[in-house]
Amino acid sequence: MKTLSMKALSRLTAIALAGSLASAELPANAETPAKQLFGRMTLPSNSNAASHGFYSKGCLAGAVAIPVDGPDWQVMRLSRNRRWGHPELVSILEQLSVKAKRDGWNGLLVGDMSQPRGGPMLTGHASHQIGLDADIWLTPMPNKRMTYQERENTSAISVLSGNGKGPYVDDRRWTKAHEALLRDAASFGEVERILVHPGIKKKLCDTVKGDRAWLNKIRPYWGHHYHFHIRIGCQPGSPGCRSQKGTGSDIGCGDALNWWFNVGLKPPKPSKKPSKPAKPKPQLTLSGMPDACAAVLKAPAKSADAAEFKSSLLQGFAAPAMDMPARVDPLAVLSSKPIEAASSSSALSVAGSVLSAMSADRLPVPEPRPLR
Ligand SMILES: [Zn+2]
């Protein structure tokens, strides 16, 4: 026991307490939406790591948590309890933090990964369900360790022009270190796709010199200008994991990219016919998910200690004690702030000298992705 610091101890106690509460609330039946079942899980199942299903419909057994602090990373929005993933994903994020630091990126701010047992979420992403997706902020880590509250309230900074409206990158906000970070992320063989805003893809297409083959992994998508999204492939030991179609070898700087600026990012044309009110989509229940996911939900939990990824990078590293709440609230996610909602200039200022080199304007909440 004496080898555990007080900080580590209180963190583990908090997680363990929450774990014991996990299944106490809300009786579940066949109609209970799967996002409620998975959203209330606070610890992973005690089994070997395995992804079941697809990125946007599946679950994760045997997840591990990335530690909330590492030498070159800090995890944000801890109340959401989404710092879980397949061990290979966590390992890649940690290696990326070192690599990117060497290339001029001050450290990673880690956003949403998966829930402790993966699955659909109460808010936010359609994907991130099988432990192979992670969001990394396009804002570098500040030189200080943020408190729990600062990690809840600090906003990310868009790299787009027009205070985040785009569609192009703002050259005062874009740096060579952003490019290096994305190149480093793409350099891992396990990483299959990196999702960024089309404006960022265009910037890379216009400016990357030398080897450009890695641009193939950089895929344009709506949003993704406050953070980018790393997706790794199905890992060994996950026979039930369904792979995504390959990206081919085209670097995607031609017509496919133009489509975004001519069509994809434009508001949808109003149709002449009066639109029928959209039918509400039936809620996904457990029966619509891979069979293995029912067992993942029911399985006993890993001990809180075993659930934390044991990183060699943490040897000799210590972060200040954190004012974590007494227990994780599985529903805290409903009130968690989106990363892009700038609350105040003071929230931005905590990011310190690194951020002040970039513009710290108040940023508008971006428009939602158009319906298609
Ligand atoms: Zn994402």
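Colleague: What joins strand β1 to β2, and how do the two strands run?

Modeller: In this predicted model, five bridges join β1 (residues 50–54) to β2, and the two strands run antiparallel. One of the pairs is Gly53 with its bridge partner Gly58 in β2.

Colleague: Through how many residues does the hairpin join β1 to β2?

Modeller: The hairpin joins β1 to β2 through two residues.

Colleague: Why is β2 said to be largely enclosed by the rest of the structure?

Modeller: A residue is buried if 20 or more other C-beta atoms lie within 10 Å of its own. Five of the five residues of β2 (residues 57–61) are buried, so the strand is largely enclosed by the rest of the structure.

Colleague: Which residues of β2 are buried on each side?

Modeller: Lys57, Cys59 and Ala61 are buried on one side, and Gly58 and Leu60 on the other, which leaves both faces covered. In a regular strand the side chains alternate between the two faces of the sheet.

Colleague: Which residues make the contact between α3 and α6?

Modeller: On α3 they are Leu96, Lys99 and Ala100, and on α6 they are Ala180, Leu181, Asp184 and Ala185. These residues divide into five nonpolar, no polar and two charged. The crossing of α3 past α6 is right-handed.

Colleague: What makes α7 mostly covered?

Modeller: Seven of the 10 residues of α7 (residues 198–207) are buried. They are Pro198, Gly199, Ile200, Lys201, Lys202, Lys203 and Leu204.

Colleague: Which elements do the buried residues of α7 pack against?

Modeller: They pack against α6, β9 (191–196), β10 (218–220) and α8 (255–264).

Colleague: How many helices and strands are in the protein, and what percentage of its residues is buried?

Modeller: The protein has 12 helices and 11 strands. Of its 372 residues, 43% are buried.

Notes: Residues are numbered from 1 along each chain as its sequence is written. This is a predicted model: local features need pLDDT of at least 70, side-chain atom pairs count only at pLDDT 80 or more; totals for chains, interfaces and linings use all residues. A crossing is left-handed if the near helix is turned anticlockwise from the far one by less than a right angle, and right-handed if clockwise. Helices (H or I, at least four residues) and strands (E, at least two) are DSSP runs, numbered from the N terminus. Two residues are in contact if their C-beta atoms, placed from the backbone, lie within 7 Å. Ala, Val, Leu, Ile, Met, Phe, Trp, Tyr, Cys and Pro count as nonpolar, Asp, Glu, Lys and Arg as charged, and the others, Gly among them, as polar. A residue is buried if 20 or more other C-beta atoms lie within 10 Å of its own, exposed if 12 or fewer, and partly exposed in between; C-beta atoms are placed from the backbone. Two strands pair if DSSP finds at least two bridges between them.
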